[in-house]
Protein chains: 2
Amino acid sequence: MTQAQPAFDVQRYMRGVGENARAAARHMARAGTDAKNAALEAIATAVGDAAAEILAANRSDLQSAQRDNLDCALLDRLELNSDRVAAMAEGLRQIAVLPDPIGAIDDMRFRPSGIQVGRMRVPLGVVGIIYESRPNVTADAAGLCLKSGNAVILRGGSEAIQSNLAIAACIKIGLEQAGLPADSVQVLDITDRAAVGALIQLPEFVDVIVPRGGRGLIERISRESLVPVIKHLDGICHVYIDDDADPDKAIRIAYNAKTQRYGTCCTMETLLIAESMAARVLPELVTMYRAAGVELRGCERSRELDGSLQVATEADWSTEYLAPVLSIRIVAGLDAAMDHIQRYGSRHTDAVVTENLAKGRRFLAEVDSSSVMINASTRFADGFEYGLGAEIGVSTDKLHARGPVGLEGLTSQKYVVIGDGHIRS
Amino acid sequence: MTQAQPAFDVQRYMRGVGENARAAARHMARAGTDAKNAALEAIATAVGDAAAEILAANRSDLQSAQRDNLDCALLDRLELNSDRVAAMAEGLRQIAVLPDPIGAIDDMRFRPSGIQVGRMRVPLGVVGIIYESRPNVTADAAGLCLKSGNAVILRGGSEAIQSNLAIAACIKIGLEQAGLPADSVQVLDITDRAAVGALIQLPEFVDVIVPRGGRGLIERISRESLVPVIKHLDGICHVYIDDDADPDKAIRIAYNAKTQRYGTCCTMETLLIAESMAARVLPELVTMYRAAGVELRGCERSRELDGSLQVATEADWSTEYLAPVLSIRIVAGLDAAMDHIQRYGSRHTDAVVTENLAKGRRFLAEVDSSSVMINASTRFADGFEYGLGAEIGVSTDKLHARGPVGLEGLTSQKYVVIGDGHIRS
């Protein structure tokens, strides 16, 4: 007698993944710095040794993606080459060199009762990362979670599944060599969409979800997740050129913030210019942007200065172009600029160019964004530039981590109390 | 012609409350320390001046509660007297004395690119607090949110509505005198249950929800909220008396952790004793607990030592008694104790009594609770004892705030970058 094959139960499968991660997390929380660094080095070596296999797997993903007519930007993010594989290994070695955050005790102080109270940095536990296309996230995210003593469940896009599994094989080798539990990094080998739905409904096994992808993915996950989510929504970033700006610095920063890279979340999308500075800086900037192929959309007043600008509509002020497009608005001054940022910005990164200390001070204090800058390009808003060593993403949330999230964002602090028989009276 | 009275639209009403709070929050974020402290002092004075009105309102609440046959514990929490009103005013003055956390810049460092990067402490924005019975929470929570530059929406229990509105009137006077926006503290005057449901569905206006109440309330809010929640679930706290404990300290701590107050979340609920210590400490502790009227429930091995103990069932190990009841278990040693805590504990507060440094160090590092202690009573796990000045609650979450939550837990940090025309290359 033959029995019908039971349907694959994705909920149950994901519970198993969660249980294994929770058990591994307990082990990882105790893992020594040496073991964690040894694993990172061993994974980096395994990635280097398996470069040919990883590239072959990636070619297979690329062929499927072309068959499925996926768009060019996605194919570009999906594609690995030998440089990208080498960069992945190098990234893991850089994480090994970072100081281990776990176990550090801060602010240990005696209290009037005689007890000493401080805070110890500890891992979050189990991190779930949901991402799309870019296979290097598999290595980066595994490395950061490993170093911060967490277990991680990695759910990449189905279009990158072969590449991700090839990288997962290297991670497994490295963990084994260092004597760390294999389940501390689980790369999901099922592409069933229901796996994501199940993962975000397991608060008993998963401590935080980090979704990396388009706005739709992140909003859906935030809405449905029973696990706390570290969100990264839009980056509608501004540079405001103040009345008291140094025009040369202003032009340099405004040009760099737009053109240094178009597709990043900290690229400037709207340039605000104080009316008294517009005639001084706008013509030169227009020439430079045009030479770089940037499409310019201006408010009415900027079009009075330069009729060749296209018309910026209301929708432009709240659009993240991620492309060589810039909206330009002339404003009365600092307050009008901050009002614009408050109304249309996404609280990601905003900069003022000014030589006036009082105004710079107000901008820093009053603009409610994850990064606020004086006289610097918004393109600096990045984990590497800030000295975090690496980043797992950029948070536009206010709770827990805000801005670029590095190792510290994957940890929390618990209170430690030391007494000598002390009791409360 | 008469028109039908339109039904009260609670969703719309709460949106209005949210909008007002958001506008007030922007003002509060810029409020100077002097203005905030002046408001706290003025509210304290107004509370003192209006003591008679507050007590009269409270008597009205108590009469309704008695009519509705609410239980004694709730009536006790609801009741104010002149001492409690004076303590409320004193609490506000103590918050005024605390350092203002807002605007502090930490870790400002030069990066290789030449920019300076640091982190500035800023308010969360709008805090929603949902609580039951105790009217003093209205004053405490308003004071903490005000000092940390947040706007707050306070939703107390319907049983305390008259008391809360009387306190709200004092808050309004104080805010007005200090020139701060009245909407920075909104005490909801509607007792419609749907108001809570609406409040937790307004992520555009509310940045964090702090529920204070029973497990049912907190779990429901966590499940349904679209706004991040700072949760405080059970406190199933342990003291473990190690083989290497000093018996006198062990007895002192184990007695204090249970009997100093029965109803708090950091009261010990289970006592774990290493088998080699049991004969030395258990008989004396049993005598002391019995004298204090504590009901004792023991594991099989502890009952071999003292047959008068009641039988502890499996359910006892995971029960938060909040009452003069204690479960006692004899374990093999440190590892067995930590396994018990991992399995049955609630990750709130756990203590080890030992003179052995290596074992104390392991307990601190490996027990995954918001407070871990050596040779001190679990009853110290409290914002005042830790030096936070006051607490808005105790978080059993890992993200953002963990353990007692004071002013700092009502803030976040944003990155500040200062350059001099720096661009990214």
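The model described here is predicted. Thr396(B) is placed in the loop that links β14 (393-395) to β15 (403-405) of chain B. Beyond its neighbours within four places in sequence, its contacts are Lys231(B), His232(B), Leu233(B), Ser346(B), Arg347(B), His348(B) and Ser370(B). One of these residues, Ser346(B), is 50 residues from Thr396(B) in sequence, with 8.0 Å between their C-alpha atoms.

Strands from chains A and B form an open sheet of ten strands with mixed pairing, in the order β1(A)-β2(A)-β16(A)-β13(B)-β12(B)-β7(B)-β8(B)-β11(B)-β9(B)-β10(B). At its edges stand β1 (105-110) of chain A and β10 (310-311) of chain B; each has a single partner strand, so one side of each lacks a neighbour in the sheet.

| Strand pair | Sense | Bridges | Bridge partners |
|---|---|---|---|
| β16(A) and β13(B) | parallel | five | Val416(A) and Val372(B) |
| β12(B) and β13(B) | parallel | four | Val352(B) and Ile374(B) |

Two helices of chain B pack against strands of this chain. Helix α11 (residues 275-291) of chain B lies across β7 (237-241), β8 (268-274), β9 (295-298) and β11 (325-331), and runs at about 145° to β8(B). Helix α14 (residues 334-344) of chain B packs on the sheet as well, where it touches β7, β8, β11 and β12 of chain B, and its direction makes about 140° with that of β11(B).

Between the two chains, 57 residues of chain A are in contact with 57 residues of chain B. On the side of chain A, the elements giving two or more residues are β2 (116-123), α10 (247-259), α14 (357-366), β13 (371-376), α15 (383-386) and β16 (411-422). The largest share, eleven residues, comes from β16(A). By class, this side of chain A has 22 nonpolar, 18 polar and 17 charged residues.

Within chain A, helix α5 (residues 82-97) packs with helix α6 (residues 136-147) at an angle of about 10°, their axes being 9 Å apart. The two helices are therefore roughly parallel. Residues of α5(A) in the contact are Arg84(A), Met88(A), Gly91(A), Leu92(A) and Ile95(A), while α6(A) provides Asn136(A), Ala139(A), Asp140(A), Gly143(A), Leu144(A) and Lys147(A). Five nonpolar, three polar and three charged residues make up this contact.

Definitions and conventions
Residues are numbered from 1 along each chain as its sequence is written. Chains are lettered from A and ligands numbered from 1 in the order in which they are written. This is a predicted model: local features need pLDDT of at least 70, side-chain atom pairs count only at pLDDT 80 or more; totals for chains, interfaces and linings use all residues. Two residues are in contact if their C-beta atoms, placed from the backbone, lie within 7 Å. Two strands pair if DSSP finds at least two bridges between them. Axes are lines fitted to C-alpha atoms, for helices over the stretch in contact, and angles run from 0 to 180 degrees between N-to-C directions. Angles under 35 degrees count as roughly parallel, over 145 as roughly antiparallel, 65 to 115 as roughly perpendicular and the rest as oblique. Ala, Val, Leu, Ile, Met, Phe, Trp, Tyr, Cys and Pro count as nonpolar, Asp, Glu, Lys and Arg as charged, and the others, Gly among them, as polar.
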